[in-house]
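Please look over the sequence and the model before reading the points below.

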Amino acid sequence: MPEPLDIAEKSTSPTVWRVAVNAPLLASFDYLPVDGHVATAGDIGKRVRVPFGRGDKERIGVIVAVLASEMALERLTQASELLDTVPVLDGELLESLLWLSRYTHGPLGEVLWQAMPKVLRDGEALFVAPSFVWSLTEAGRTHLGSAREGRPKALLSALANGPVSEDALRVVHENFSTTARGLLAKEFVERSEIALDTRVRNAITSVASFDEAHPLHALTLNEEQASVLASLQSRSGFNVSLLDGVTGSGKTEVYLQRMAQVLASGKQVLVMVPEIGLTPQTLRRFESRLGIPVYAYHSSMSDTERAQTWIAARTGLARVVVGTRSSAFLPFESLGLIIVDEEHDSSFKQFDGIRFNARDFVIQRAYRWDVPVILGSATPSLESWQNAVSGRYHREELQHRAGDAQPPRIVVQDIRAARLQAGLSPDALKAIEQTLARGEQVLVFKNRRGYAPVLLCHDCGWTAKCTRCDASMTVHNNGRRLQCHHCGASRSAPNACPDCASLALHPQGVGTERIEGFLVDHFPDAPVIRVDRGTTQTRDGMLQQLSKLGDGAGILVGTQMLAKGHDLSNLTLVVVVGADEGLFSADFRANERLAQLLIQVAGRAGRASRLGTVMIQTHHPDHPLLALLINGGYKAFAAKELPQRQAALYPPFAFLALIRAEAQHVGDARNFLVATRELLANELGVEAMGPLPAPMPRRAGYLREQLLVLSETRKPLHTVLTNALPAIYALPEARKVRWSLDVDPYDLY
Ligand code: ADP
Ligand code: ZN
Ligand code: ZN
């Protein structure tokens with residue numbers, strides 16, 4: 001057979017587009033450019049439509065490289081359509097996304113998909129919604145002199161001193177559209193579009209006038225705040241500050257004044273807040289203090305709204321964006337500062353798809369922009385804490401509550417042998433009664449929704465279990481329904497025990513629903529509002545619930561949804577109904593989570609000038625964690641917990657990756673993980689532990705196992721994963737399981 005060298009040589013090295021498509025594949029694919037197009041580096045970040053998979057199926061992909069292909073011309077497929085004239089993902093954002101794909105070992109296509117608003121994922125184009133101004137013509141001015149009173153005259157008068165934006169006119173003038181159309185037909189007025197660059201320039205100048213030290217409506221900072229602000233201001237370029245400030249210490253005021261400085265210098269600011277913290281109240285606070293439009297970005301916005309914020313951030317029209325986890329992917333025109341509020345919050349970690357922590361990702365982004373990051377929290381994550389201890393981050397402290405608010409008084413309530421009603425001790429009930437009598441508000445916190453966590457047969461010990469999960473069914477609807485909180489299964493509660501036919505079925509323990517029911521009966525005159533995922537699916541729903549409470553006496557019952565954010569100035573008593581479940585969890589982050597939760601909940605009490613009290617009910621009043629938190633606060637907790645993490649080789653002193661697998665057939669998940677473990681075996685300093693059954697070994701009918709990969713330094717962990725992953729994807733065992741890789745898992749579930 002003749003050697004096909006000649007042909008091969010002639011046809012190698014065509015310049016091609018390397019395209020990442022949204023698919024769970026590690027590889028990107030090379031395509032010939034569309035007809036008549038010569039591929040150049042300027043194509044990187046543009047979207048293309050390409051044939052993909054069997055038949056004539058097509059997908060949208062993003063060009064991630066332009067290079068000489070290693071494949072022969074004949075073997076390459078041609079892309080069908082180039083969708084963009086300018087890249088949609090480019091510069092710093094594209095580089096950061098490439099980093100994220102390497103760091104999470106997630107398929108690049110999936111990472112890029114995650115970063116694009118739906119409009120772009122669907123292959124459509126994205127434009128800034130146009131903005132118009134109205135002005136008076138000569139004829140209009142003449143007519144105004146003799147016009148009769150009425151809407152047309154009012155509108156003409158409004159324009160007499162110069163052009164006015166359509167948005168502003170719409171707000172003030174009733175029936176604006178009709179009136180304006182009439183005047184337009186008579187040529188008394190003109191409507192013209194404002195060019196985007198003019199709008200951007202206007203947006204920049206609208207903040208350039210801030211007096212550096214005093215943005216609009218600013219409060220006078222107290223000494224602590226002022227010194228933190230000065231210190232933040234003294235560091236330019238990339239640096240990370242950890243602002244450790246007790247709840248109510250005025251962190252937000254510090255952010256606002258630092259933001260004003262950065263905005264005045266012509267740069268944009270991104271503020272990331274936890275999922276539940278992004279309320280209209282938060283947005284209004286930023287808007288009214290800064291006096292400029294603040295763009296939101298979160299999951300309950302429509303795709304169109306999200307797309308508008310995306311493009312506004314990219315063009316520079318948006319000077320400030322306040323968003324949740326997904327805002328970490330926004331493009332910016334000229335970024336100057338990133339703030340992550342409540343940086344410890346687990347909602348910054350994504351638990352499916354691309355498993356990443358948005359806090360860590362935006363630090364990468366700030367590094368590439370060479371701009372500062374402020375991480376704020378009353379209960380910093382131990383990762384950030386350790387970074388401050390080691391000097392990688394700058395530590396800033398606010399130790400006192402701002403204004404005249406005092407720290408709350410914390411009382412540990414020994415409830416051993418106490419007669420509890422719906423989980424509440426007689427002392428707690430007395431305190432609630434007194435608080436209500438003073439016209440103040442109470443928060444009863446229980447991190448379990450539903451009526452009761454377990455339904456038990458008093459005669460034989462049977463408990464209601466989910467048939468698809470290794471978990472008890474939670475009792476709901478006053479005992480009538482059973483619901484699995486893990487797979488969503490739901491059925492009515494049996495009347496008699498399925499094992500012994502006894503009628504003595506008793507709900508065990510308490511959830512928020514049971515507490516609510518009891519309080520309604522016990523305090524018939526006070527409004528009782530429950531806030532948990534059962535009553536409130538959305539952020540707006542939660543606000544509606546909260547607004548029912550008003551300013552007067554009343555009781556809030558809720559789960560951790562209530563632990564953060566909302567300033568309820570009349571709330572003076574917090575009752576924590578049993579923190580005990582959290583005291584004995586095996587997970588390495590359990591103590592940290594509990595400490596954060598208790599301190600954040602306690603922080604809800606006494607935010608204004610009235611003194612607040614926090615009552616923690618427990619069967620373990622001498623538990624060292626409680627004593628530590630009460631006597632020394634979070635700082636004492638961190639000082640005690642960090643050495644224990646170090647001794648046990650857990651983060652922040654070790655680096656973890658968790659490979660999870662689940663399958664419907666016994667043995668499949670384990671077989672996959674055993675094979676995976678073989679592939680990870682030989683790298684110095686990296687240890688693979690497992691496979692072991694997951695903490696919940698069966699969920700929604702799937703049997704679940706996991707393999708923990710651990711290293712004392714970051715690099716070898718990533719080397720091992722990078723080298724082994726192509727082979728892991730190709731394992732025949734992989735076809736029988738659903739599996740995922742989670743770098744820096746939040747917990748080991
Ligand atoms: P944090 O974000 O630390 O919980 P906030 O910034 O929300 O604290 O401030 C808590 C409360 O104290 C708010 O009601 C705020 O208006 C008020 N506050 C903050 N700084 C000052 C200040 N310098 N003077 C007076 N009140 C302040
Ligand atoms: Zn029974
Ligand atoms: Zn279930």
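Which domains does the domain assignment of the protein chain give? The assignment gives domain 1 (15-89), domain 2 (131-194), domain 3 (215-398), domain 4 (409-452 + 509-642) and domain 5 (655-743), with bounds that come from an automatic or database domain assignment. This is a predicted model, in which local features need pLDDT of at least 70 and side-chain atom pairs count only at pLDDT 80 or more, while totals for chains, interfaces and linings use all residues. Residues are numbered from 1 along each chain as its sequence is written, chains are lettered from A and ligands numbered from 1 in the order in which they are written, and side-chain values use heavy atoms, with hydrogens and water left out.

**Domains**
- Domain 1 and domain 2 have C-alpha centres that lie 50 Å apart.

**Helix H3**
- Six of the eight residues of helix H3 (residues 108-115) are buried, where buried means under 20% relative accessible area, exposed over 50% and partly exposed in between (1.4 Å probe, protein chains only).
- Helices (H or I, at least four residues) and strands (E, at least two) are DSSP runs, numbered from the N terminus.
- The buried residues of H3 are Leu108, Gly109, Val111, Leu112, Trp113 and Ala115.
- Their cover includes strands E1 (15-21) and E4 (58-68), together with helices H2 (91-104), H4 (118-121) and H13 (303-315); contact here means heavy atoms within 4.5 Å.

**Helix H8**
- In helix H8 (residues 176-185), the buried residues are Phe176, Thr179, Ala180 and Leu183.
- Seen down the axis of H8, these buried residues fall within an arc of 95 degrees, so they line one face of the helix; the arc is that of the directions from the helix axis to the C-beta atoms.
- Arg181 and Ala185 are exposed, on the face of H8 turned away from its buried side.
- Strands E7 (132-136) and E9 (189-193) and helices H6 (151-159) and H7 (166-172) are among what covers the buried residues of H8.
- Glu187, which follows H8, has a positive phi, near 60 degrees.

**Ligand 1**
- Of the 17 residues around ligand 1, those that come nearest are Thr220, Gln225, Gly248, Lys251 and Thr252; a residue counts as near if one of its heavy atoms lies within 4 Å.
- Helix H11 (residues 251-264) gives the largest share of the shell around ligand 1, three residues.
- An oxygen atom of ligand 1 lies 2.8 Å from a polar side-chain atom of Thr252.
- A polar backbone atom of Lys251 is 2.9 Å from an oxygen atom of ligand 1.

How values were computed
A polar contact is a pair of N or O atoms within 3.5 Å; within protein, one must be able to donate a hydrogen and the other to accept it, and residues adjacent in sequence count only if both atoms are side-chain atoms.
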